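Hi,

Here is the structure I promised to pass on. Have a look at it first, and then read my notes below.

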Amino acid sequence: MPVNAPPRFEMPKIEDSEESQTDQLPNDNTIYALVIGINVYQHTSESGWPVLKAARADADAVQDFLVNRLKASRNNIINLRDTEATRQGILDAFKRLEKTSAATVDPCIIIYYAGHGASSPRPKGWEDWATDSERIEQLCPSDIGAVVDGRVVEGIPDRVICGLLNSLAKKRGNNITLILDCCHSAGMNRHGGPERILRCIPNPPPLTAEANRLVDRVIPGRFADRTGGFRGARALQVASKFARTNDHSHVLLAACGRGESAYELEDGSHGIFTAALLKFFARENLEEETYDSLVERLNMPRWQAAHCMGTNSDRPLFNRRGNRSDPTYIPCKSESQRIFTLYAGEVQGIKRGQQFSIHVKIPFEGGTPSQPSIGKMEVVSLESTSSRLDFLPNGPRIQVPRVFYAHPLSSVKQDQDPSMIYCQDRQLLDAVFPPSTSGEEIKYARYPTQAALILTVEGDRVHIDRNGPELNDYIPTRFACNINRNDTKRLQNTIRSWRHFNYYLRRQPSDDVFPQVWMELHELQEYAGDNYYYITEHQRVGKNLLQQEPAQIQVSDVDASLLGMTLYNDGPKAVYPYLFYFDPNDLTITPWVMPARGTAGGGHVDAPLEPGSQLTLGYGNGGATPWEFAFSDDRTQDIGYFKLFLSSSPANFWRLARKKTPFEQDEGQRHGEELDREAKEAEKLKHELDDRSQIWGVKMATVIQIRK
């Protein structure tokens, strides 16, 4: 075997196992799909490009899955194979997909592509379009490189595909799944050796600026509306990289990262990624799985790591109506019979000796696990972003699967928690947090002036005030809620959410270990540039709004400015950034950028911030929507915080996010139990950080908003 050939990887035969669940998903969404598989490329003989064997079989197998398992109507599936999948054929198929789904409210849309991918230098004419790389990723239609009407057929740039997806999401909703089994990065140009077929074209035709304009020529008037209809809703923006598309418009499942390649199995039956997907789909009860749990448990070789990206990756598979997965269940991996890795560490507040219940699957928010806990384990050693688990000293040795989940059991005292609570009615606090049973350390103040949180009882209602000098000049001291004194669950959820918010807002290492990483915030303006086809693009203008601390931003009621963030890394090492906005008004912690998730403990996960690079958010190729501040009442000032967590390796910062405010009344299965479980983590967190191989850091900006 050649030195640069990947090792052997055997995929088990794809068939239904005994535990296979064949029931239709509890999903009222009608399914529509575009399924593309290309083995045969017109220009292969002249160019010497690799001939694929399994892409068409992959597409056929995915179609069978859609029809037989998801019960999709064959009439709702657009199939393109080989010569049908020309550049024009693929672009036309997006138009057909939009038309066929027009009569359905909130459809489920699945787009699958198996074939060659490629990358090319950024063409001239795209200079105004911000990107973190000079390489443009592209899908390769079957006629790429052929001459049609005197022009060489180019690939379909990621920018075009993502624009099509964003437009589709605007009109049909964001229950869209994009599955790519191809190489899609500059790293795809490595040769994999004769034993295995590589899904890439190493020398595609050069892209031109016209590649971005040909959509209107193929589909005249298709995206002619440039009125900015997205603007008021912080809407979907054109993005570049497939792995950096607008993460609200769809969920991406990709065969590999930027620095890896996508291969076919040695027997030519399937692509490695598609084979793993089909095996997973046949084996698991999809009703209980999310996109995150899929990619965490996917059986992939270490040298080809599947990636999952998208704000909605914690939704149930192909179903936007279900609850999201519970973030308090932490992914784990069995490295051997005695080595078990928990993918959270001191950064996330894990402590030595902390105990966890062990589960085969992760439940959804507000629900209970479909299977009981299989046992208990405890933390025996710590690193910054991971920990090692072992069986309890006097407990049974349980059988754990390769990938499993841990839920915190034991309550660990916070070392430094100045957050004291005052209530004149001490019996009320004891009812909310019974001293002997709650397992939580609540510090009570003797006087209101000593407290950071004050509960006031008026009749049967409880009002909650904060006592924060740094906040009181900008926002009301009283939270926008009044709770029945007998509703102990809502009182618990609110107090726990407040503690969780404060803990992570204050949390920082002792040293600045990433001094060469910083963030800038700019206003955005629309520009035409080279984009003549469908969705408004933006570029940054003016000065960096974060030059001073705290920053002051003028907010207009008439024409609020859209904002974009740029992250810079002038350091020598790749960085994984996790950016959140902390809103003290409603205690939400909203993620703005989150790196991809990959198979638990397997393979490389792309670092969004490479050495000497920048990452754009809200404009250019970085994905994510622009930010927009607005006043919802008659106040003239507001305050919030951008906090950027940085890590030298992928870290489980997803569990920090709190997208729901605890002040809303529960509706059906709204966030009762999930906030109960989530906010308990504030009792188990730690401030000290040892000097470990995994390093982390933070950057923070206080933003005062002033009404014009």
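R297 and E284 make a salt bridge, with their closest N and O atoms 2.9 Å apart; by salt bridge I mean a side-chain nitrogen of Lys or Arg within 4 Å of a carboxyl oxygen of Asp or Glu. This pair links distant parts of the chain, 13 residues apart: R297 belongs to helix α7 (residues 291–297), while E284 is in the loop between α6 (272–283) and α7. Helices (H or I, at least four residues) and strands (E, at least two) are DSSP runs numbered from the N terminus. R297 is buried at a relative accessible area of 11%, and E284 is buried as well, at 6%. The cut-offs there are under 20% relative accessible area for buried, over 50% for exposed and partly exposed in between, using a 1.4 Å probe and protein chains only.

Before you go further, note that this is a predicted model, where local features need pLDDT of at least 70, side-chain atom pairs count only at pLDDT 80 or more, and totals for chains, interfaces and linings use all residues. Residues are numbered from 1 along each chain as its sequence is written, and side-chain values use heavy atoms, with hydrogens and water left out.

Back to the charges. How many salt bridges does a search of the whole structure find? It finds 19. Two others that I looked at:

- D390 pairs with R338, the closest N and O atoms being 3.1 Å apart. D390 sits in strand β16 (residues 387–391) and R338 in the loop between β12 (330–334) and β13 (340–342), 52 residues apart. D390 counts as buried at 14% relative accessibility, whereas R338 is partly exposed at 40%.
- D465 pairs with R478, with 3.0 Å between the closest N and O atoms. D465 is buried, at 12% relative accessibility, and R478 is partly exposed, at 35%.

There is also a network: salt bridges that share partners join R283, E284, E288, E289, R297 and K361.

Now the chain as a whole. Its secondary structure comes to eleven helices and 32 strands. Of its 708 residues, 62% count as buried. Take the contacts (heavy atoms within 4.5 Å) between residues at least 6 apart in sequence: 78% of them join residues at least 24 apart.

Helix α3 (residues 87–100) was a quick geometry check. Its 14 residues should span 20 Å at 1.5 Å a residue, and its end C-alpha atoms are 20 Å apart, which agrees; the expected span is 1.5 Å times one less than the number of residues. The buried residues in α3 are R87, G89, I90, L91, A93, F94, L97 and E98.

Finally, a sheet. Three strands form an open, antiparallel sheet in the order β4-β5-β8, where two strands pair if DSSP finds at least two bridges between them. The edges are β4 (117–121) and β8 (156–157), each pairing on one side only. Strand β5 (residues 135–139) pairs with β8 over two bridges, and Q138 has P157 in β8 as its bridge partner.

Cheers
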